[in-house]
Amino acid sequence: MIINLNGWPGVGKLTTARELSKLTGGRLLDNHTLLNFGKALADEGSPEYYALVRAVRSVAFEAILKLPSALPVIFTSVVARGGTSGFLEENWQAIVDLAEARVCNLFSVTLTCSATENARRIVHEDRGLRRKEQDPELLVELARTRTLFDDGATFRTIIDNSDLSPEETAFRIHSWMNNTSS
């Protein structure tokens, strides 16, 4: 299976994905692993940046196709319509295509939390260390100009993790997946 954790920056995708990886024994490929390669070598948003990110994604997805089919793969990403590049939609389609090539289910979990909690989380210093966005105003702009989606997923759910720990959120996701696919 492929599991994608979707949501706005700071909602807790990576922290939850780490816990989910422990529960499922799956491999984790968070979106910043791909994006930071591009950020390190090109100006973010430039054609060179997107070319680098696409190249890294291509190599990563080829490696995923070589993994045992029973091994879960967990992604984190922002899957949203809007913006000027179309990259977020393209990246989601690449994940959908990867699930099809692996002949496996694609579980989409959209994580949400209250605006207050999201603004609190996005400024955490660990985010800066990983080159992640830390501007609470970005959240307002994203909500105004973009829409989260998960078209093409085999199974989908939304979890509000405002009052949940990452461990509790991962447990809910794991339970949902087990109940959904059985």
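Leaving aside its neighbours within four places in sequence, which residues is W92 in contact with? In this predicted model, where contact means heavy atoms within 4.5 Å, W92 is in contact with N4, V79, L106, S108, F149, D150, D151 and A153.

The model is predicted, so local features need pLDDT of at least 70 and side-chain atom pairs count only at pLDDT 80 or more, while totals for chains, interfaces and linings use all residues. Residues are numbered from 1 along each chain as its sequence is written, and side-chain values use heavy atoms, with hydrogens and water left out.

W92 also belongs to the largest nonpolar core, which has 26 residues, and together with I2, F61, F75 and L106 it touches the most other members. A nonpolar core is a set of buried Ala, Val, Leu, Ile, Met, Phe, Trp, Tyr and Cys residues joined through side-chain atoms within 4.5 Å; buried means under 20% relative accessible area, exposed over 50%, and partly exposed in between, with a 1.4 Å probe and protein chains only. Helix 2, helix 3, strand 3 and helix 4 each supply at least two residues of this core, with helices (H or I, at least four residues) and strands (E, at least two) taken as DSSP runs numbered from the N terminus. Another core, of 16 residues, lies apart from it, and L5, L20, V109 and M177 are among its residues.

S108, one of the contacts of W92, is found in strand 5 (residues 106-112). S108 counts as buried because its relative accessibility is 0%.

In helix 2 (residues 31-41), the buried residues are N31, H32, L34, L35, N36 and G38, and they pack against strand 2 (27-30), helix 3 (47-66), strand 3 (73-77) and helix 4 (87-102).

Two helix pairs can be set side by side, with axes being lines fitted to C-alpha atoms, for helices over the stretch in contact, and angles running from 0 to 180 degrees between N-to-C directions.

| Helix pair | Angle | Axes apart |
|---|---|---|
| Helix 1 and helix 8 | about 50° | 8 Å |
| Helix 3 and helix 4 | about 15° | 11 Å |

Angles under 35 degrees count as roughly parallel, over 145 as roughly antiparallel, 65 to 115 as roughly perpendicular and the rest as oblique. At about 50°, helix 1 is therefore oblique to helix 8, whereas the angle of about 15° makes helix 3 roughly parallel to helix 4. Among the residues that meet, L20 and L23 are in helix 1, and F171 and M177 are in helix 8.
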